[in-house]
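I opened this notebook to record what I looked up in the structure.

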Amino acid sequence: MRVLVAGAGGMVGRAAIEHCSALGDEVFAYDHKSLDIADELQVGNAFDNARPEIVINCAAWTDVDGCEFDHERAFRVNARGPELLASHSRRMKAGFVTISTDYVFDGSKEGFYTQRDDPNPQSVYAASKLEGERRAYATSARTIVVRTGWVFGHGGKNFLSRVVEYARSGKPLKSIADSYGTPTYSVDLAARLRELALIDLPGLYHIVNGGHGASFAEFARESLIIAGRDPSIIEDVKMDSLQRPAPRPRNSRLRCILSEAIGLKPMPEWCEALASFIRSE
Ligand SMILES: NC(=O)c1ccc[n+]([C@@H]2O[C@H](COP(=O)([O-])OP(=O)(O)OC[C@H]3O[C@@H](n4cnc5c(N)ncnc54)[C@H](OP(=O)(O)O)[C@@H]3O)[C@@H](O)[C@H]2O)c1
């Protein structure tokens, strides 16, 4: 299988390359330096070179707070980018998988968000990602949008991926206790991205690890317990106390109503996935 991966230098991009390569795919991996997904000429050249059968887009401007101050860049990368990739996927008759976010929801729901819930993005990042979903669908009928959330894994720069590293200092570690999501291991996500591409059933999927989700503080405590460290260094804080520029949903736990219907195996529970990640570090 000829697979083009955009955003190859990012956390999910790396996992996708590793997974597809291990399964014997011919992988054409483009990081940000070698391909700007919002540059039509570069995208056209990359597709002419790779002639992909499957395209997996892991590229995005993921700086949620940064997006608040640069609306144009956010929409250029997160909306125009998927649109161009979808357009060239269509030209090549390739399947197109692009990743979106749990942040498209406003967080006011108590339970899990499914595909039946209407998005209501609260930040520029979230609005740009939702626009990317819409443009990709409008451009190629073979679009698969995968919304995920709270991704952790190798090479990740976020709190979830680095909590054990931060804990090494032994100092108290502030962690948000009143915001809930569904933690997801980049390795499990990458495997599902490829699986969905092969099944080739266009649509919107919510792909996260199993379980009831967690707050950042619960996730952090579980990480430290698995790593054999003292979880009492976690200091619970309220999300609002951080006063970050971009609003985040208080609850963005996802559940998929399609995966089971098409016969996909349940994703591993997040605690098991976290243990695999920490033990592989
Ligand atoms: N991490 C999470 O918790 C999470 C949650 C929900 C959804 N997602 C989605 O999952 C996907 C993968 O995210 P991730 O966690 O792997 O993020 P990441 O580690 O930040 O990777 C994103 C990659 O995209 C690259 N990029 C930025 N602008 C680009 C452009 N114009 N052209 C090409 N590449 C560009 C970045 O390169 P530079 O760093 O060099 O700019 C980076 O390597 C994204 O769609 C994200 O929105 C992530």
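I took helices as DSSP runs of H or I with at least four residues and strands as runs of E with at least two, numbered from the N terminus. I also noted that the model is predicted.

**Entry 1: the ligand.** I looked up the surroundings of the ligand and found 28 residues, the closest being Gly10, His32, Ala59, Ala60 and Val151. Helix 1 gives the largest share, three residues. Sorted by class, the shell holds 14 nonpolar, eleven polar and three charged residues.

**Entry 2: helix 8.** In helix 8, residues 216–226, I recorded Phe216, Ala217, Phe219, Ala220, Arg221, Ser223 and Leu224 as buried. Their cover includes helix 6 (159–167), strand 7 (173–176), strand 11 (214–215), strand 12 (234–237) and helix 9 (270–279). Just after helix 8, I noted a positive phi of about 75° at Gly228.

**Entry 3: helices 4 and 5.** Two packed helices are described by the angle and the distance between their axes. For helix 4 and helix 5 (residues 124–139), I read axes that come within 8 Å and cross at roughly 20°. Angles under 35 degrees count as roughly parallel, so helix 4 is roughly parallel to helix 5. The crossing of helix 4 past helix 5 is right-handed. By class, I listed eight nonpolar, seven polar and five charged residues in the contact of helix 4 with helix 5.

Note on methods. Residues numbered from 1 in each chain as written. Predicted model: local features only at pLDDT ≥ 70, side-chain atom pairs only at ≥ 80, totals over all residues. Near = placed C-beta within 6 Å. Nonpolar A, V, L, I, M, F, W, Y, C, P; charged D, E, K, R; others polar. Buried ≥ 20, exposed ≤ 12 C-beta atoms within 10 Å, placed from the backbone. Contact = placed C-beta atoms within 7 Å. Axes fitted to C-alpha atoms, helices over the stretch in contact; angles between N-to-C directions. Parallel < 35°, antiparallel > 145°, perpendicular 65-115°, else oblique. Left-handed = near helix turned anticlockwise from the far one by under 90°.
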